[in-house]
Amino acid sequence: MVASLKKTNVVVVGFGWAGAIMAKELADAGLNVVALERGVMRDTATDGAYPTSIDELTYNVRKKLFLNLSRETVSIRHTITDTASPYRVLGAFLPGEGVGGAGLHWSGVHFRVDPIELRLKSHYTEKYGAQIIPNGMTIQDFGVSYEELEPYFDFAEKVFGTSGSAWSVKGQVVGNQRIEGSFGGNFFSPDRSSEFPLAAQKNTVSAQLWGKAAESLGYHPYNMPSANTSGPYTNPYGCQMGPCNFCGFCSGYACYNYSKASPNVNILPALRLLPNFELRPQCHVLKVNLSEDKKTATGVTYIDPKGQEVFQPADIVIISMFQFNNVRMMLLSGIGQPYDPVTNTGVVGKNFAYQNMATIKAYFDKDVHANPFIGAGGNGIAIDDFNADNFDHSQVGFVGGSPFWVNQAGVKPVSGISLPAGIPAWGSAWKKGVADYYAHTISMDCHGAHQSYRDNYLDLDPTYRDAYGQPLLRMTFDWQDNDIKMNQFMVGKMQGIAQAMNPKSISISGKKVGDHFDTVSYQTTHMNGGAIMGTDRQTSALNRYLQSWDVHNVFVPGASAFPQGLGYNPTGLIAALSYWSAHTIRDKYLKNPGPLV
Amino acid sequence: MMADKPQDRSLSRRKLFQGLGAVAITAAVLPQCVQSDSSQSAAKEYKPTFFTQNEWTFIQAATARLIPHDELGHGALEAGVPEFIDRQMNSEYARGALWYMQAPFQPDAPSTLGYQLRLVPRDIYRLGIKAANQYVQQIHHKSFDQLSADLQDLMLKDFESGHAQFNDVPSKTFFSFLLQNTREGFFSDPVHGGNKGLVGWTLIGFPGARADFMDWVDRNEAYPLPPVSINGQRG
């Protein structure tokens with residue numbers, strides 16, 4: 001017998017950035033909000049306390065803040081005819097768990113989006129003709145424009161306390177100022193309604209050397225927007241942040257200094273004060289319950305900390321878990337038609353996309369002090385000359401673009417030391433190698449966009465189950481020709497910048513023809529799609545307000561809504577879309593609950 | 001190797017005594033004697049709780065080759081790497097408690113799909129050390145720790161490449177865990193039992209838990225302060 005609790009207006013499933021934003025905005029509108037988080041309670045005072053939080057083994061290496069795979073994971077296969085194997089040990093991607101989700105342990109790279117990426121298919125088709133999109137590539141438009149989202153990008157930056165340099169504000173160019181060590185705004189970025197809430201952070205020696213090399217080649221280096229504070233800050237919710245001191249313990253850690261934006265620091269302190277909000281950690285949601293006609297959700301069923309199954313009735317259900325868990329929750333609950341790649345029908349699970357990374361390490365003599373332990377997760381110098389459609393795609397043979405950057409986020413000795421080719425992995429020669437190169441290596445990345453394809457998709461695994469007996473999500477995913485071509489093009493361009501720095505040697509980690517998706521070595525945790533937004537219910541799971549086409553009181557914010565991957569990191573767009581959705585619920589849906597489109 | 005040359009012995013000996021704590025000094029012996037002498041002194045200081053005496057002897061001898069004591073100073077033994085690994089064997093990591101360990105297992109899946117064995121690190125060490133010792137016995141009729149440094153290195157290379165055929169655990173897998181955990185013990189905070197005297201951090205210039213570099217962000221200069229640990233030890 002499942003116990004039934006008192007009805008609430010809104011139940012939020014998953015308390016990361018998207019869940020925290022939706023909870024705050026809807027609670028501020030006077031609704032009763034219950035947030036359910038499968039993981040434990042987390043806070044700066046407990047999980048970020050100095051000095052025990054500055055421990056590489058516990059956090060980066062043993063991965064304390066990440067998903068505990070013993071309870072649930074995904075299975076992975078490369079093609080539709082393979083048998084999937086479970087992702088048993090964390091490697092290529094590191095989803096979060098616990099209050100704050102991945103927003104607690106992220107780095108803090110806080111971009112908006114290049115406007116053309118929101119209407120990628122239309123843009124490429126209009127500019128280059130439909131033939132530029134290869135067979136099997138399934139890119140789509142988001143169904144929302146940069147102009148519509150701009151106020152929400154702006155507000156999210158004010159909530160996050162983001163540091164950066166604007167290029168243009170209300171049509172006026174303001175970002176072409178070059179002062180010592182700083183590179184100003186991004187020449188290619190769209191107009192903004194206001195400056196960043198905080199000025200850009202200082203730049204590391206590594207980033208400055210790289211920026212100068214990029215500039216010498218005629219590119220347009222800029223200060224990366226960083227949700228690590230350049231000074232003390234109080235956000236619109238009244239939450240306070242301290243200035244970032246470049247300790248280098250960002251990604252994988254809870255910032256001890258209250259300098260890296262997180263749901264825990266920037267939203268929860270204000271949300272906690274509201275009597276109409278309740279956060280319940282260690283509550284694992286099994287499914288969204290639907291009415292008999294399957295047109296509305298009645299609430300969610302979850303396992304409480306005691307192990308008891310309970311039903312939480314609600315008027316509105318927000319599914320705001322990690323990207324692939326959003327997709328799995330829809331599949332487990334029967335919301336939307338599951339995608340079938342053979343017949344190319346259905347929508348839930350389609351357009352699963354990732355990030356198309358490459359990295360170059362440049363090794364220097366001992367007169368270049370990269371001091372790689374100094375860093376801030378969102379900090380760095382980037383160029384957008386090869387991002388989005390900022391260069392001519394007519395002859396390059398691929399769709400997509402890539403920002404390049406030096407984003408020195410704090411390199412740790414166990415996990416981070418890279419050595420030039422030819423140095424063995426152990427023994428005295430290795431020891432000499434780490435002594436010679438640790439402090440004198442500069443790392444740069446192509447953070448390429450990744451497109452969606454008919455054969456890269458998500459569904460439920462037929463064999464493997466989670467700790468609660470439910471099927472795991474199955475990823476069918478591999479690199480396609482377009483990805484390899486783009487990766488090789490980008491590596492070639494970035495190699496030119498690396499060489500312009502005059503290093504002793506470089507090493508390149510990029511993709512070769514025939515490479516398969518490798519789940520072992522870390523790439524990014526930027527997974528997209530599977531529950532995508534759009535303008536047509538035949539080709540998307542959600543409408544442009546992140547509302548389920550089929551079950552109108554279910555909203556699904558997160559990178560699961562992206563029809564393909566961005567060149568940039570996803571968090572800025574996730575936050576803006578969450579605000580856009582929350583405001584639409586407040587302004588339109590509550591007055592007249594039903595399909596918004 | 002260079003540390004075996006007479007002039008290097010005195011150099012490394014002198015370096016050993018410069019600015020290193022009591023733990024390190026107990027291990028300050030000539031490189032040729034490092035393996036046996038240090039293992040004796042380390043055994044007095046730390047009693048393994050997971051490894052048997054045989055296993056402990058192997059771990060000490062093997063880690064001493066992975067990160068040797070040489071002209072650049074201390075290696076795995078002086079850093080307490082064996083103690084670190086033994087202590088890790090009692091963690092949830094070594095019990096595989098954070099891994100998805102449900103059947104069916106597909107040990108022959110492509111390596112790009114990641115770890116697919118049903119063994120947890122405790123099993124990998126137990127089975128791996130046993131198989132490694134058998135492999136060495138078969139070829140050299142001695143135990144691993146009795147081999148010369150050069151022969152030990154050759155045996156480790158057989159494990160690393162997978163050339164050595166073990167029955168229950170791939171030798172390559174065993175070696176990758178041994179190497180990874182050895183590096184962890186050399187470079188992680190001393191609170192976990194390794195990196196004693198902060199020797200790993202001192203070697204590369206990592207400042208440890210200082211965690212405030214506001215005034216050094218944009219300086220192209222070597223960072224001047226020695227490392228500090230979570231518990232306030234200084235290197």
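# A guided reading of chains A and B

The buried residues of helix H14 of chain A pack against helix H8 (205-216) and against the strands S15, S16, S17, S18 and S21 of chain A, where buried means under 20% relative accessible area, exposed means over 50%, and partly exposed lies in between (1.4 Å probe, protein chains only). Helices (H or I, at least four residues) and strands (E, at least two) are DSSP runs, numbered from the N terminus. This is a predicted model, in which local features need pLDDT of at least 70 and side-chain atom pairs count only at pLDDT 80 or more, while totals for chains, interfaces and linings use all residues. Residues are numbered from 1 along each chain as its sequence is written, chains are lettered from A and ligands numbered from 1 in the order in which they are written, and side-chain values use heavy atoms, with hydrogens and water left out.

Let us stay with this helix for a moment. H14(A) has 20 residues and reaches 29 Å from its first C-alpha to its last, which is close to the 28 Å expected at 1.5 Å a residue; the expected span is 1.5 Å times one less than the number of residues. Among the residues of H14(A) that are buried are A:Ile484, A:Met486, A:Met490, A:Val491, A:Met494 and A:Ile497. The helix, which covers residues 481-500, lies across S15 (356-363), S16, S17 (404-406), S18 (441-448) and S21 of chain A, and runs at about 25 degrees to S15(A). Here axes are lines fitted to C-alpha atoms, for helices over the stretch in contact, and angles run from 0 to 180 degrees between N-to-C directions; contact itself means heavy atoms within 4.5 Å. Just after H14(A), A:Asn502 takes a positive phi of about 55 degrees.

Six strands of chain A form an open sheet with antiparallel pairing, in the order S8-S16-S17-S18-S15-S21, and two strands are said to pair if DSSP finds at least two bridges between them. At the edges are S8 (222-223) and S21 (505-509) of chain A, each of which pairs on one side only. S8(A) is joined by two bridges to strand S16 (residues 381-383) of chain A, and these two strands run antiparallel. Within this pairing, A:Asn223 stands opposite A:Ile381 in S16(A).

Next come the charged side chains. The structure holds 29 salt bridges over all chains, a salt bridge being a side-chain nitrogen of Lys or Arg within 4 Å of a carboxyl oxygen of Asp or Glu. One of them is formed by A:Lys7 with A:Asp315, whose closest N and O atoms are 2.8 Å apart. Because A:Lys7 lies in the loop between strands S1 (3-4) and S2 (8-13) of chain A, and A:Asp315 in strand S14 (residues 309-319) of chain A, the pair ties together parts that are 308 residues apart in sequence. A:Asp315 is partly exposed, with a relative accessible area of 32%.

Another salt bridge joins A:Asp389 to A:Lys127, with the closest N and O atoms 3.0 Å apart. A:Asp389 lies in the loop between S16 and S17 of chain A and A:Lys127 in helix H6 (residues 120-128) of chain A, so this pair ties together parts that are 262 residues apart in sequence. A:Asp389 is buried at a relative accessible area of 10%, whereas A:Lys127, at 48% relative accessibility, counts as partly exposed.

The side chains of A:Asp365 and A:Lys504 also meet in a salt bridge (3.3 Å, N to O). This pair links distant parts of the chain, with A:Asp365 in the loop between S15 and S16 of chain A and A:Lys504 in the loop between H14 and S21 of chain A, 139 residues apart.

Chain B has 10 helices and zero strands. Of its 235 residues, 54% count as buried. Helix H4 (residues 53-66) of chain B has 14 residues and reaches 20 Å from its first C-alpha to its last, close to the 20 Å expected at 1.5 Å a residue. H4(B) is mostly covered, since 11 of its 14 residues are buried, including B:Trp56, B:Phe58 and B:Ile59.

Finally, there is the predictor's confidence in each residue, called pLDDT, which runs from 0 to 100. Its mean for chain B is 86, and 81% of the residues of chain B reach 70 or more, but pLDDT stays under 50 over residues 1-43 of chain B. For the complex, the predictor gives an ipTM of 0.96 and a pTM of 0.94.
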